[in-house]
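Okay everyone, thanks for coming. I'll walk you through one protein today, and we'll take it piece by piece.

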Amino acid sequence: MHTATVNGANLHYADQGPADGPAVIFANSLGTDLRLWDALLSHLPEGLRLIRYDKRGHGLSEETPGPYMIEQLADDAAGLIRHLGLRDVVFVGLSIGGLIGQSVALRHDGLLRGLVISNSAAKIGDAGIWHGRVVTIRRHGLASIGPATMERWFSPAFRASGAADPWQRMLERQPVDGYIACCEAIAAADLRSAVPGLKLPLRLIAAELDGATPVSVMQDTAELIKGARVEVMRGVGHLPCVEAPEAYAGILSGFLREVGHV
Ligand SMILES: O=C(O)CCC(=O)CC(=O)O
C-alpha cells in the first residue's frame, strides 16, 4: 500500500510491476475502490507497470469536503502520475474514471499515450438523476441504493450466483460524503463539446447489459471523437472487468499493442 499527497488530497494507490515498464493507470467507478481491477491484472501481458488508485472520497483515500469537480479529480490523477515520475501512460478509466481520463487527456496535454474510456461517456445521466440519488442517499444511506445499483452493475446470472454480494458491500462501505461529492462531479460534468479535441489513441469499451452507461450512450460519445471505436462486451453489466476479466483483458491488451505499450 502506498499513499501520496497530490492536489491537496492524500491518495491511496497500488503500484505493481517493473519500475521501468510501460505504465498503465486505472481509475475506478463510483462506489468502488481499487480492488475493481483485481481479477483483471493477472490476465494482462507481463512487464507492465500497473498503477491503481482510490479517487478522493473513496476507498482509503482522503475524503475532502465536496462537492468535487471532474477537473479536480483529473488533476488528482495527473498529480499522481507526475508524483510517480511517469509519462506516456495509458489511462484506463471506468465510468466516473472514464470521465476523469477524458479530462486528464484534455487538461494535461502529452501526459498520456492512450486512453481507454470504459463504460463511460462524455456525459453520464442528467443532473436531475444525480441530484435525486443524492437526496435518497442523504435520507436513507448508501445501503438503500445497493440492490438497484447491482442491477446496473452486473448481469442477472452473476447476481444469481451471489458473486455480486461483495461488490454491494463495497458500495455500502464507501464514505457517504465522498460518494455524494463524486455524484455532484458527474452531475456537473459535460465534456461533449470538448471531446472532439481528443487527439490521442483511444478505445471505448461498452457492455451489452450496462444499466448505467448503455451502449447507445457510449456510441453517442464515440461519434464525437474522430476515429473512435467502441468494443461491445456481450452478456455483462457496468463492471465488465469484474464479470469477464479475461475478455476485458483481451480488449485492453489489443489496445496496448496498438499503441506500442507491449
Ligand atoms: O459508475 C459510475 O462511476 C457512475 C455511473 C453510475 O451511475 C454507477 C451506478 O450505476 O451506480
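**Strands, rings and a ligand**

Let's start in the sheet: β3 and strand β5 (residues 89–94) pair in the parallel sense, over 4 bridges. Helices (H or I, at least four residues) and strands (E, at least two) are DSSP runs, numbered from the N terminus, and two strands pair if DSSP finds at least two bridges between them. Before I go on, this is a predicted model, where local features need pLDDT of at least 70 and side-chain atom pairs count only at pLDDT 80 or more, while totals for chains, interfaces and linings use all residues. Residues are numbered from 1 along each chain as its sequence is written, and side-chain values use heavy atoms, with hydrogens and water left out.

Back to β3. Isoleucine 25 has phenylalanine 91 as its bridge partner in β5. Strand β4 (residues 49–53) also runs parallel to β3, joined to it by 5 bridges, and there alanine 23 has arginine 49 as its partner.

So, how many residues of β3 are buried? It's 5 of the 5, so the strand is largely enclosed by the rest of the structure. Buried here means under 20% relative accessible area, exposed means over 50%, and partly exposed is in between (1.4 Å probe, protein chains only). Ala23, Ile25 and Ala27 point one way, while Val24 and Phe26 point the other way.

A pair of rings is described by the distance of the centres and the angle of the planes. Rings of Phe, Tyr and Trp (its six-membered ring) pair if their centres lie within 6.5 Å; planes under 30 degrees apart count as stacked, over 60 as edge-to-face and the rest as tilted. By that rule we get 4 aromatic pairs. In one of them, phenylalanine 26 and tryptophan 37 have ring centres 4.9 Å apart and planes at 45°, so the pair is tilted. Phenylalanine 26 sits in strand β3 (residues 23–27) and tryptophan 37 in the loop between β3 and α1 (38–41), so the pair ties together parts that are 11 residues apart in sequence. Phenylalanine 26 has a relative accessible area of 0%, and tryptophan 37 is buried at 0% as well. Another pair, tryptophan 153 with phenylalanine 154, is edge-to-face, at 6.3 Å centre to centre and 85° between the planes. Both tryptophan 153 and phenylalanine 154 are buried. There's also one aromatic cluster, formed by Phe26, Trp37 and Tyr248.

Now, the ligand. Which residues surround it? Among them are Ser29, Leu30, Ser95, Ile96, Arg152, Trp153 and His238, where near means that a heavy atom of the residue lies within 4 Å. An oxygen atom of the ligand is 2.7 Å from a polar backbone atom of leucine 30. For the side chain of serine 95, a ligand oxygen is 2.8 Å from an N or O atom, and for the side chain of arginine 152 that distance is 2.6 Å. Taken alone, the ligand exposes 310 Å², and the protein buries 99% of that. Those areas come from the Shrake-Rupley method with a 1.4 Å probe.

As for where the shell comes from, α4 (127–140) and α5 (146–153) are the elements that give two or more residues, and α5 has the largest share, with 3 residues.

Key. A polar contact is a pair of N or O atoms within 3.5 Å; within protein, one must be able to donate a hydrogen and the other to accept it, and residues adjacent in sequence count only if both atoms are side-chain atoms.
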